Every structure is written in C-alpha cells, then in structure tokens.
Amino acid sequence: MILLKHELRSNFRSLLIWAGCVGFGCLGCLLLFEGIKDSIEPMAELYGKMGAFSVALGMDKLNVASMEGYFATEIALIFAVGGAMFAAMTGAVMLSKEEEGHTAEFLYTLPFDRVSVVFWKYGAMALLILLFQLICIVAIALGLAGAGESLDGKTLALYYGSQLLMQLEVGSVCFLLSALCRKKQIGAALGFSVFLYMADVMCRIVPDLEILKYATPFYFSNAADIFVNKAVESAPALIGLGVLLASPVLSAAIYQKRDISA
Amino acid sequence: MERSEEKRYAIEICDLVKFYGKKAGADGISLRVEEGDIFGFLGPNGAGKSTAIRCMLGILRSYEGEIRILSMDGRRQRREILSQVGYMPSEAMFYPSMKVKDVIRLAADARGRECEKEAEKICAQLEVNTEKRIRELSLGNRKKVSIVCAMQHKPRLLVLDEPTSGLDPLMQEVFFELICEYNRQGTTCFLSSHVLPEVKKYCRNAAFIRDGKIIRTDSVENLSRSGLRRIRLWKQGREQRFDYTGETNGLLHKLAQMKPEDVLIEEPSLDELFLHYYEEEKGGKA
C-alpha cells in the first residue's frame, strides 16, 4: 500500500496533464457538435461512401451527423488513442524508471520483496488508468450535457468497459517491457500504442490481415462496432484479458530473478 | 558453511562469485563480520566492494556462493534481513521531486516503524533541511538524507558504502560520532571505503579487497603491525631507505652489520600496507 500511494503521488501530475488534454479535447469536440452538425449533414452520406477510409473510421456503419456517429468516429478516436498512449507510457516507466533514475538502490534495499514491488506498481498503473478513464468520462458527460445530447447508457457503459480493458492491456504489455529494460522505453511504448491502432485500421481494410484483430485491443474496443452491435466481440476481448493477467505474472517472474543495476 | 558456537556473526560470506559478463566482480570472497564490530572493507575503486555489498543486500541475485546476514539466508530471507539493515549507498539517489521529509517518511513506513524522533535527532545533528526537494540538494546533502534513512530505524547492521565521499570534514566527524553511538548501542557497522585513515581510526577489524579477491582480513591493529618497517639510515653522510619484514632481532642484526651513523625505523601507513599486502599476494601467486 505504501508503494501504491508513492506511485500515485509520483504520477499524479502526469495523470492530470494527460487526462486533462484528452478529456478537454473530447469535451471541446462535443461542444462543437451543435455548431458543425448542420455543415456535416450534407457530407455525411459522402463520408459513409469513401470505401476503405469510411471502413477504417467506422463511418460506413454510422451517420457522422448524428451524435452517436459523431461520438463513435471522432470523440472515440481521441479517447482511444489518447488513452492507449497514456496507458503505454505509464506502464513502460513503472519498473524501469528506478534503474534509469538510480533510485533502485534505495527502493530495493527497503524491506519489500520484488513480487510485492511488481504487484503494487502494477496496481498503481491500473489505478492510474482507471482514474484517467474517470476524468475523461466526466469530461465527456459534461460535453454531452453541454451539447444538449445524450447517448444510450448501456452502450456507453459497454464502450467504456471495453476501453478500460484495452488500455489495461496496452499498459500491461508495456509494464512487461519495463520489467525487461533498464531504461524508460517511452518512445517504444508510444510507438507500440500507435502501431496497435494502425493494426486495427489495417485489419479492417485488408482482408488478408484480419488475423490482426486478435492482436490489437483497438479491434474489440472499436466504438463504431459497439454502437452498431451493442456488444463487444468476445474472442479478441478474452485474448486481451489473458494478456492483462499474464503480463504481471511474467513481469514478476522476470523481475524476481534479475540483477538490478544501481 | 562452518559455524562457530561462541561467536555470532552479522555477516558471513562464503565463496562469493559474481561475474559481469567475463569480468569477475567478486572472485571467491569469503568474509565474516562479528556482531557488534565496526568492520572496514578496504579496496581501490572497482575492487569489488560494491558488488559484494549488492549481493549481500539482494540487489544482485545471480551470484554463486552463500551469504548469511544476521544469521539469515541472504537469498531466502531477504525481506527480514532488509528490515534489520540500514544501507547507505555510495551514490545517494532519491526521487527528485520528493521532499526530504517524504523520502525519510517513505523509508520509515516501508519498515513499518515509527522513527520520527530518531529521524529528527539525526536531521538536527547533520543539519538536514527536511523541507527541501531532493532535486535542490547537493551530493553532500543527499548523503545526509541517506544517513537518516539508513539509521532512523536503529538497525542491527549498518552497511555503509563509501559513506564520507561528498561530506565535508566537519560532517564526517558528526557522521562517525553517530556511527560510534549506534555501535555502542549494539549496531554492527560494515564500512566500505578506500579512505584508509578513517578505517584505521574507527574500525576494529578490516579486510583488504582487490580484483574481487580478499587479500587479507585481520584486526586493524594486527594489519597495522604487519612486521613491515620503513627503514631510513644515514652512513657517511648518505641516506639509504629500505623496507624490512620479519623478526625485530633479524632487523637489529642487519642494522648492526650495516653500522649506520643514525637510523629511523617507521611503521608504514595503511596505504603502504595495502600495497604491501597486495604485492605479497601477487608474489605468493606467482
């Protein structure tokens, strides 16, 4: 618990900056909707018939001139990519920052066993992701209220749940990366999260790459799919859950045996 | 590992081997430090002092050999060991954005102990400003924070890795006063250093380490009385210098044969002793 509090305190500023940027972005775009709705309307049909581009952004399924379509194609993109980047960055620094910052000799000579360090640091990462989500959800709710719009609560809850799973999966993989590295791999982590988003886009456009849908958590958490089907595709989501559970176990196993550089 | 019935050891290291790639950081280190001792661990930079300490504290895991700290197994009882050990690393690094008081509190909380009074006492003695952030501190002041973190919980064993580097002479005095005070209360002190005078002044026993090997372990008194003597003699207005190792009678006999007009027999400094033991070790191996 001491480590959890310590990590939350250390990452609080980063959380506020990221959640503020993404949340404010979502809020701003939602408030713009009322003003741009009329100008989007004539183009909505065109947006839906732009072939691969429309498929990639989910505009073939939903009307972007409706709040549901606008939310699933525009707001969800900011929320998903921003959230994944935050999760990736948070996970990637959790363990490796101690060695890079030369604080490992202080932390690992306190009476914590390494498994508990991994456990509490993983818990802190998960909690930071959850707090990020909550801040963004509040911002989105304010945006919807400000725009005088509403969305189906059940679908929205399903979407937020899938987003949480997606961000935790991205964070978990990057957490594993941080158990393997002695330096903070922020660039690699951010690149990894963007790659996962691109993998989702590609597997939707190129039929031969459909298998990628099992590898990228952006697939099962895609807002357009969830708003149309009112469900989350279970197989990729279960794989995500498996990754999420395996990652801390693997991280602990690696970290337990590793020499820490001071 | 052979255990003595009468003596209790704070540190027992048996055949410690640690390689960094092909380079040996520790090459068969065996060492025993009695409880209640102030033990000096002497060696030049890169000799393997920090490697041995990091193995003792479990920061390094992939080593061969056996380590027992306070009669506990170094591999399996690491948590219990660390709760009774205070460690001051050679480079004191903390979280830059944290305040000094928060770092001290974190170290105390990790041990689940209320150490506020002791921490306040040490901070006052070392003149530590607890309201400052770590990033605002000089190396010397970070060292002071490290001393507080290592001592506030009154550990049974203090492991100090080059503790005085970065501390001004006045603070070094205060620091050693603290060490002696804790030692009087029963704390064993393991002092790794390359500053020989401080070891001679404060330690009862010491070990010399070089290239990952222990060259010699003995009481500081015996190490100082190695039988090595620096001889300066004057004969017919010319000065001659030589080193002598062995019985005093032999030296007197040799001097009588040389018939000097004047002679000066000196004890070597610990620096010279270190070189002497090192040369002896090399000679023995050759």
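Modeller: Chain B has 10 helices and 13 strands. Helices (H or I, at least four residues) and strands (E, at least two) are DSSP runs, numbered from the N terminus. The model is predicted, and local features need pLDDT of at least 70, side-chain atom pairs count only at pLDDT 80 or more, while totals for chains, interfaces and linings use all residues. Residues are numbered from 1 along each chain as its sequence is written, and chains are lettered from A and ligands numbered from 1 in the order in which they are written.

Colleague: What pLDDT does chain B average?

Modeller: The average for chain B is 89, and 95% of the residues score at least 70. pLDDT is the predictor's confidence in each residue, on a scale from 0 to 100. The model as a whole scores ipTM 0.81 and pTM 0.86.

Colleague: What makes B:P89 count as buried or exposed?

Modeller: A residue is buried if 20 or more other C-beta atoms, placed from the backbone, lie within 10 Å of its own, exposed if 12 or fewer, and partly exposed in between. B:P89 has 25 such neighbours inside 10 Å, and therefore counts as buried. B:P89 is placed in the loop between β6 (85-88) and α3 (100-110) of chain B. Of the 286 residues in chain B, 38% are buried.

Colleague: How do you know that B:K154 is partly exposed?

Modeller: B:K154 has 15 other C-beta atoms within 10 Å, so this residue is partly exposed. B:K154 lies in the loop between α5 (139-151) and β7 (157-161) of chain B, and has a positive phi of about 50° although it is not a glycine. Most residues other than glycine have a negative phi.

Colleague: What makes B:D211 count as partly exposed?

Modeller: B:D211 has 18 C-beta neighbours inside 10 Å, so B:D211 is also partly exposed. This residue is found in the loop between β9 (205-210) and β10 (213-219) of chain B. B:D211 likewise is not a glycine, yet has a positive phi of about 50°.

Colleague: Why are α1(A) and α6(A) called roughly parallel?

Modeller: The axes of helix α1 (residues 2-47) and helix α6 (residues 114-147), both of chain A, come within 8 Å and cross at roughly 25°. Axes are lines fitted to C-alpha atoms, for helices over the stretch in contact, and angles run from 0 to 180 degrees between N-to-C directions. Angles under 35 degrees count as roughly parallel, over 145 as roughly antiparallel, 65 to 115 as roughly perpendicular and the rest as oblique. The two helices are therefore roughly parallel to each other.

Colleague: Which residues make the contact between α6(A) and α7(A)?

Modeller: α6(A) and helix α7 (residues 153-180) of chain A pack at an angle of about 145°, with their axes 10 Å apart. The contact includes A:Y122 and A:M125 of α6(A), and A:Y160 and A:Q163 of α7(A). Two residues are in contact if their C-beta atoms, placed from the backbone, lie within 7 Å.

Colleague: What makes a set of residues a nonpolar core?

Modeller: Such a core is a set of buried Ala, Val, Leu, Ile, Met, Phe, Trp, Tyr and Cys residues joined through C-beta atoms within 7 Å. The largest one here has 150 residues, and A:C26 is among those that touch the most other members. Helix α3 (residues 67-93) of chain A gives the most to this core, with 16 residues. Leaving aside neighbours within four places in sequence, A:C26 is in contact with residues including A:I75, A:F79 and A:I140.
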